[in-house]
Amino acid sequence: MLVRRASEFNCDLWLEKEGQQVDCKSILSILTLGAVQGTELCLSAQGDDASRALDAIAELFENGFYEQGSTGADPAARDSAAGDSDD
Amino acid sequence: MVELHGIPVSPGVAIGPALVLDDEGYRIPRCHVAADSVDDEWASLQSASRRVATQLENNRLETARKIGASAGEIFSAQQQMLQDPRLRDELRRRILAHQQSAPYAVSRVFHHYAQALRGLSDSLLAERADDILDVERQLLQELGAITANPLGNLDGPVIVLSHNLTPSETAGLDRRWVRGFCTEVGGPSGHTAIVAKGLELPAVVGVGSLLDRIGGGTEVIVDGDRGIVVLDPDQETIENYRRRLQNQASLARRLAQLRDQPAVTADGVRVQLSANIEFPHEAATCAERGADGIGLYRTEFLYLGSAVEPTEEDHYNAYSQVVQTIGDRPVVIRTLDLGADKMGQRPLSEQEHNPCLGLRSIRLSLRNQDLFRTQLRAVLRAAVHGDVRLMFPLITTLPELRRARMLVNVVADDLREENIPHRADIPIGMMVEVPAAVLMLDRFVREVDFLSIGTNDLVQYTLAVDRSNEGVAELYQSSDPAVLRLIQTTINIAAAHDVPVSVCGEMSNSPARTFLLLGLGMRSLSVPPQAIPNIKKALSDVTIKQCCEIAARVMELESAREVEAYLNERLSHIAPELIVT
């Protein structure tokens, strides 16, 4: 879901965990990040629609990916989406 | 031409084209393409990728319809993996810049990701590795690089090369086409080796890194006599090996003439020469080769060879077949020796840190009594058809032996109450394969009808060597003086108490060691069926006096190396014909 949403934007989107940065449009890269529920992640973007992309992804995290059983923003799974948009 | 050295585990020579299996059990076509065809290679990968995407979409819709949308999501995750931009970049780079073939690039890149996932501590994420490898497999199939089951639809002779083969994989090899095999890892007495002998396939294990050096179809020679594997041999080498094959065939024909003669030494001492088997069909081979009986019937393969746990009837039918084939000669059935490197369908024990010292063999049987009783019932029932004897493996303490014997009594009572034909009075014996059993043997002999020395485990437990660890396999020597002293002690105590004793490990399999065992007082040997003619011939060339001289000299030596060198020297004097050249 994350990858699908990220892929809708033209900008480069990066997900960072403990200094390790991966392409947010690559499911394999994200999987190998080993981020389980409760992991602190940092999102950043670069490109013309970067700020819209950041908002969209942040919304996804806040709503627990709209998964069944998830009740809105799980505080443990909250991203630190205060990402720096460089546009 | 490349010559590699490993551990010979099953004798004979095989020549043929290689079938290379990777860890997941299929071919790795490691190759590069010409610079002017990299664009075609990339295009073929893209079209294969589109076909896989279509399949995944069909799977997704089908699964969603049958089970529900969330189950279908598995396939949409796989679709995303297939279309992953990073993956695509990496594949493009390998093919266009490094001229790798599409299948090879796919195999490397997907394995890279799968490995990264497997390394994660979260088990849910680690399991996604299987999804990745599943996409890889489909891509490779679309590229025509693999068939669904490379071993399942062979149409010509092959030599199987792989990192490792499990015993059940070995047992499942198609005997019509597989001529021999060679693995990167493995030790001299692992059960894969034993199965290879059972199938009479030349095999060499533990040759080290091998798969990187070879592509499918390359000519390979497996020399299971000397532990040599030759990749891409030159014409002269092939000719040499062809000549050896012919010599061996003519020796085998001459040995076959000994078939109906009893095993006796040159001075007329009769030796009981029985056979070790794992599969019921081998009983016929034993009868053909003139075995005096089955000295060790390993029953694990009932469990390893099929997908479901064997029933009492499965046990009973297999045992009855063996007993009826072998006629009035004795059949020693050993109860389950599962665990350690052999496992059945159900997880009988937890992951163990030290499985060789763990819950295996008789310990596992005593812990899983439903399984054990099923087997004991079948043995007592099959005993009405002939001379059946029951043997417990890995007995370490007296209470263990008593508990196992008591279960036999319980099972016999049940059968009597149920009015099922059986025999309750069959001889019961134990394997001597733990040093503790040797130390307490004067007590054990009062409670058993016979003993059988299992040299494989005895060596492992005496010398503290994991027999499947190629790092220490060198230390694993059945002619180590410490092991020989334990064997000597066992024979002496058995003789003093008039309890029959035999040797059924792989040790009795070499003519030279046979001389030593005879010299130590052994008069009963159980060997792989194909070794019977050889051993019979060796016995006919030697006198007990010579054997005693050999044993006296050997017991003064201080290392396995000295023992081996001396024994080989004696063999070349006494029976030069049997030395493999």
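In this predicted model, strand E1 of chain A, which covers residues 12–17, runs antiparallel to E2(A) and is joined to that strand by 4 bridges. Within this pairing, A:Leu15 has A:Val22 of E2(A) as its bridge partner. In general, the strands of a sheet pair through backbone hydrogen bonds, in either a parallel or an antiparallel manner.

The pair belongs to an open sheet of 3 strands in chain A, ordered E2-E1-E3, with antiparallel pairing. Strand E2 (20–23) and strand E3 (42–46) of chain A each have a single partner strand and stand at the edges, so one side of each is left without a neighbour in the sheet. From one strand to the next, the twist averages 30°.

Helix H3 of chain A, made up of residues 50–62, lies across E1 and E3 of that chain, and the helix runs at about 155° to E3(A).

Turning to chain B, the model contains 22 helices and 16 strands there. Of the 581 residues in chain B, 55% are buried, while the accessible surface of the chain comes to about 24,900 Å², with 48% of that area belonging to carbon and sulfur atoms. Among the contacts in chain B with a separation of 6 or more, 68% are accounted for by residues 24 or more positions apart.

As for the predictor's confidence, chain B has a mean pLDDT of 86, and 90% of its residues reach 70 or more. For the complex, the predictor gives an ipTM of 0.73 together with a pTM of 0.60.

Terms used
Residues numbered from 1 in each chain as written. Chains lettered and ligands numbered in written order. Predicted model: local features only at pLDDT ≥ 70, side-chain atom pairs only at ≥ 80, totals over all residues. Heavy atoms only, no water. pLDDT = per-residue confidence, 0-100. Pairing = 2+ DSSP bridges. Helix = DSSP H or I, 4+ residues; strand = E, 2+ residues; numbered from the N terminus. Axes fitted to C-alpha atoms, helices over the stretch in contact; angles between N-to-C directions. Contact = heavy atoms within 4.5 Å. Buried < 20%, exposed > 50% of the residue type's maximum accessible area, 1.4 Å probe, protein only. Areas by Shrake-Rupley, 256 points an atom, 1.4 Å probe, with all protein chains shown as cover.
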